[in-house]
Amino acid sequence: MSAPLIVGVLVAAGVFLLLRPGQLRLVLGFVLLGHAVNVVLLAAGGLRRREAAVDGAGPETVDPLPQAFVLTAIVITFGITIHLLALLRRRRRGRGQRKPEEEEA
Amino acid sequence: MILAAVLAWQLLLAGVVPALTRWLGRDAGYLLAIGYLIGAGLLLTRLPVILDDRAVTVSWPWLPSVGVAAGLRMDALSLVFALLALGVGAFIMAYCPRYLSARGRHTDVYVTMTLFAGAMLGLVLADDLLVLFVFWELTSVLSFVLIGQDGRSAARGPATRALLVTSAGGLALLAAVVVLAGSLGTTDLDRILAEPGLLATAPTVAAGALVLLAAFTKSAQVPFHFWLPGAMVAITPVSAYLHAATMVKAGIYLLMRFSALFGGRWAWDVTLIGVGLLTAIVGALLALRQHDLKALLAYSTVSQLGLLVGVIGVGTPASDAAAILYTIAHALFKATLFMLVGIIDHQAGSRDLRELSGLRRVMPVTVALTALAAMSMAGLPPTIGFVGKEAIFEALTDVHGVAWLGWTAAGLGVLASVLTFAYAARLVYGLLAGPIRQRGLHEPAWSFLAPAAFAAVTATVLGPAVAVLSPLVERAASDARPQGQAPYLAFWHGFTVALGLSALTVVLGTLLAGYRRRTDRLFAALPTAPPFAGAVERGRQALVRFGALVARPARAAEPGPYLARPLLAVVLLAAVAAMLAGPLPAPRGDPSRPGDWLVLALLAVTVAGLLTTRSALAAVALTGVVGLLLSAWFLTAGAPDVALTLMLVEVLTAVVVMLALRGRPGRLAAPGRPPGVAGGALLALLVGAAAAAGTAALTGRREPSPASRWYLREAEPATGGDNVVNTILVDFRALDTLGEAVVLAVVAVGLVALLRGPARPPAGGAAGPTAVPEPGTAAPPPGPDQPAAGRAGAEPTSGERHRPDPVLALAYRALAPVMLGASAVLFLRGHQETGGGFIGALLAGTAVGLGQLAHPGGAPLLGRLRAVPLLTTGLLLALAVGLAPMAAGRAFLTPIKVEAPGPLPGSVTSSLVFDLGVYLMVLALIVAAVRRLDTAPSGRVPGPVPEGVR
């Protein structure tokens, strides 16, 4: 039951951060949600067998397919994070037209 | 093939328009007219085949999975409408050069009109329901564009209204297509129409009603007729072409085409006759009240379209022939009238009949031509309009069934014609009689008049010479409904009932026109705007307001208000799923290990800190800790590649965020007022619970999937790689990986685009030996070793900012080579053990990030890496590896194994090169991120808000 709880904690924290003001919180909330999805993907492959899928397959070898998904998902999440940061910077640059309280991270 | 060729020709014409207009200006229309005629000529080469009762077809697979072929088919009915589209189009194109102003946007007009002609051709040539639908929608959209083209705000409402009405009809047509395809299992129009008996009753009724709706909206039948007069805000060539001659005829074509399927059924026939004749009378009544010539012609078009619809409903061979003949006649004389009204408007500056009295004194040729075309409209001999109207009367008296029905229909037809005669007479009389009201008017240039004159003469001569059209019209009638020979068309049939009705029309029409004053008062009492139009307009506005209301939360400054709804939807979805889900398979034991609980506990503590801290630095660090905890968990879960990747990504994310936040306020924004925080927390808890419940319910309840077992079994023998995860990425699912890498490339390009320009003020970008400005990345700031004096115009502070941090610089110098070496090793061994392109690139990227942190002005060596060249090289490499096997006839991205020559052991597969491409693209993203997001050397606008003020 640990994986669902990990997912629950991450999602709750991520959503809470998304709902609070401030763009840095938005970015961090997004990162947490990305983690949660990765855990879900891995859990979907089953967590009872936990031997790495390197050097031959035994009865305890994990399902490699979700790992391949998660691997790309991590990198894509990284890309999204960078994009969000770029948007954050871009908004800061146009701050001349904005109210000062929106300036905070 | 000829059909596809003509369509392609039309597309080509549209394509060369910009070149033509650049060369000839507005006179490009003449060349386009010739182009249209060439298209028509190409179609006419097949006339003998078609008169021989064979159709010209061409077809190629389009959506083979659903059995849809992009089929075109031309029989006589299609040919008639295609020739109208191209022939009238040629007239209009030849008319445009003198009508359009020399400095207008003629390119747009020409391109759109030519595309429209192509869409119209496709519509009448389509042999597949889906193809028909696509072209049908294209005509609606292009009509919208043409109505609203000049961008006047006055045109926006009518254009939108026209689009709403016709696209509602388009939806009806789509629904009809779905019904027909669903119940017959094919979208092949020819096959559907060939055997009307196959369709069961219920789908027939549904599809028939939907087709009627589509045709009525397109052809402006009551109660949808209001869009057509509104569309008259378009320029005159557009009105003449789309809203008189062709597009509104698409509905007529649809009805004729589907007559084979639905005709002869009581409901279909009665609806057509009833709605058609009602429209004919309403339209004519409204036309009679107009003073604006264009509005008069618009309502007249509504009326005559109604007459056509009514005649199609009669459903005899004679009526089909009459409908086709009158379609031709109407296209000819109505386009002529529009062109002439355009000329009058152009010369006299007015279209109001009351201001145009006595025009014949100054513009005798124009007025004479108008009178000629109006005779055709009124159905007077010797014009084609006369022959057409005779044929219609003949057909109407012949309605199936009860005798009184025929006489009623004929009576209503005569009534519409009387009104038509009256407004035609009024039009001509207004131009002939009375004193001239304007000075300085004169005939237009002959080149302006020529197209209209030619069309007017054609419409007149074709009356006596109607026999020329006879073979084609007869053939077309039997194509519409194969049920017998249509009567031979002739100018003179002897003293028939129809001739009597024509005479009656003339007499009554003359009386009506004569007692103008009295009848005007009568008609003035009729409601002006059709009530339906107002209702539609109010409905549209209400809809727009409703949309604004729904969208209001999305316009908030913070994400909370508009995220609330999707998040609540997640909770709702989980609740519904929990209620509706059946029994789930039992979980296969609890897979948790003691370490998992430890991770969970640490995670909870870290997250709690993350949620409560107000320090940006702490938040970033705690997020990194969350990632590291998870990567530890991944390691225990048998996913070393994932763990390593995540760890590196966490480090990199922290580096990049720190770079982006350098010199920023160190505090996070205030969390907001307590009720908001509590609400957010509640929602977050609900969503978290939903996610946890979903994960618990939907995972860990089955054995490993067949795919999983297959990969574990086959990976090593098939690829020679021991690391199954890596072989999945670079061998089995390499296309996915390529897609992911391209996403990263897009992010990198987006970064470059988003943070272009003022990110680097001139101060930082001053050219120096180490600062080579380069497209794609911003000009890097001057190197650290460069004397401050060399930076012309640099802010005093920026020199300090560029100074390397001694500790970090030392770390960089010591660690970077190690990191790069490890990166290379991890990359090279990826196929066999933990590692690979992603991981290797992330490690190298970490070195780049460290370099940037240590040397804000640009790190030695690694600071010279540029994102765009890396990106291009990586992408080209990956694509080259993908394409190489195709040369040998194998699938895209098939791995190739090359035995290493000579002393080197083992073998090399092309997937390693592919992985190198991925490596370079990921590295490019990191380089772009590190460079672009680093705020330190940007030399921000002076006077940044001091920290801690807020």
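Begin in this predicted model by selecting B:Pro223, which is found in the loop between helix 9 (201-218) and helix 10 (227-230) of chain B. B:Ala220 is not a glycine, yet its phi is positive, near 55°. Is B:Ala220 buried or exposed? B:Ala220 is buried, because 29 other C-beta atoms lie within 10 Å, and 20 or more are required for that description.

Next, move to B:Pro382, located in the loop between helix 16 (364-378) and helix 17 (384-396) of chain B. Here a cis peptide bond joins B:Pro381 to B:Pro382, and omega is about 5°.

Proceed to B:Leu893, in the loop between helix 36 (867-887) and strand 3 (897-899) of chain B. B:Leu893 has a positive phi of about 70°, although the residue is not a glycine. B:Leu893 counts as buried, because it has 24 C-beta neighbours inside 10 Å.

Now select residues 236-245 of chain B, which form helix 11. How many of the ten residues of helix 11 of chain B are buried? Ten of the ten are, so helix 11 of chain B is largely enclosed by the rest of the structure. The buried residues of this helix include B:Pro237, B:Tyr241 and B:His243.

The following stop concerns a pair of helices. Display helix 18 (residues 403-432) and helix 21 (residues 497-514) of chain B, whose axes come within 8 Å and cross at roughly 45°. The two helices are therefore oblique to each other, and their crossing is right-handed. To see where they meet, select residues on the side of helix 18 of chain B, among them B:Ala410, B:Val414, B:Phe421 and B:Arg426. On the side of helix 21 of chain B, the residues in contact include B:Leu501, B:Leu504, B:Gly509 and B:Leu512. By class, the contact between helix 18 and helix 21 of chain B consists of twelve nonpolar, three polar and one charged residues.

Turn next to the contact between the chains. It takes 72 residues from chain A and 96 residues from chain B. On chain A, select helix 1 (2-19), helix 2 (23-44) and helix 3 (64-93), each of which supplies at least two residues of the side that touches chain B. Which helix of chain A gives the most to that side? Helix 3 of chain A does, with 22 residues. The residues of the side of chain A that touches chain B comprise 47 nonpolar, twelve polar and 13 charged.

Finally, colour chain B by pLDDT. The mean pLDDT of chain B is 85, and 91% of its residues reach 70 or more. Select residues 758-800 of chain B, where pLDDT stays under 50 and the model has 75 contacts beyond four places in sequence. Then select residues 937-950 of chain B, where the pLDDT is also below 50. The stretch 937-950 of chain B has 21 contacts in the model beyond near neighbours in sequence. For the model, the scores are ipTM 0.90 and pTM 0.67.

Note on methods. Residues are numbered from 1 along each chain as its sequence is written. Chains are lettered from A and ligands numbered from 1 in the order in which they are written. This is a predicted model: local features need pLDDT of at least 70, side-chain atom pairs count only at pLDDT 80 or more; totals for chains, interfaces and linings use all residues. Axes are lines fitted to C-alpha atoms, for helices over the stretch in contact, and angles run from 0 to 180 degrees between N-to-C directions. Helices (H or I, at least four residues) and strands (E, at least two) are DSSP runs, numbered from the N terminus. Angles under 35 degrees count as roughly parallel, over 145 as roughly antiparallel, 65 to 115 as roughly perpendicular and the rest as oblique. A crossing is left-handed if the near helix is turned anticlockwise from the far one by less than a right angle, and right-handed if clockwise. Two residues are in contact if their C-beta atoms, placed from the backbone, lie within 7 Å. Ala, Val, Leu, Ile, Met, Phe, Trp, Tyr, Cys and Pro count as nonpolar, Asp, Glu, Lys and Arg as charged, and the others, Gly among them, as polar. A residue is buried if 20 or more other C-beta atoms lie within 10 Å of its own, exposed if 12 or fewer, and partly exposed in between; C-beta atoms are placed from the backbone. pLDDT is the predictor's confidence in each residue, from 0 to 100.
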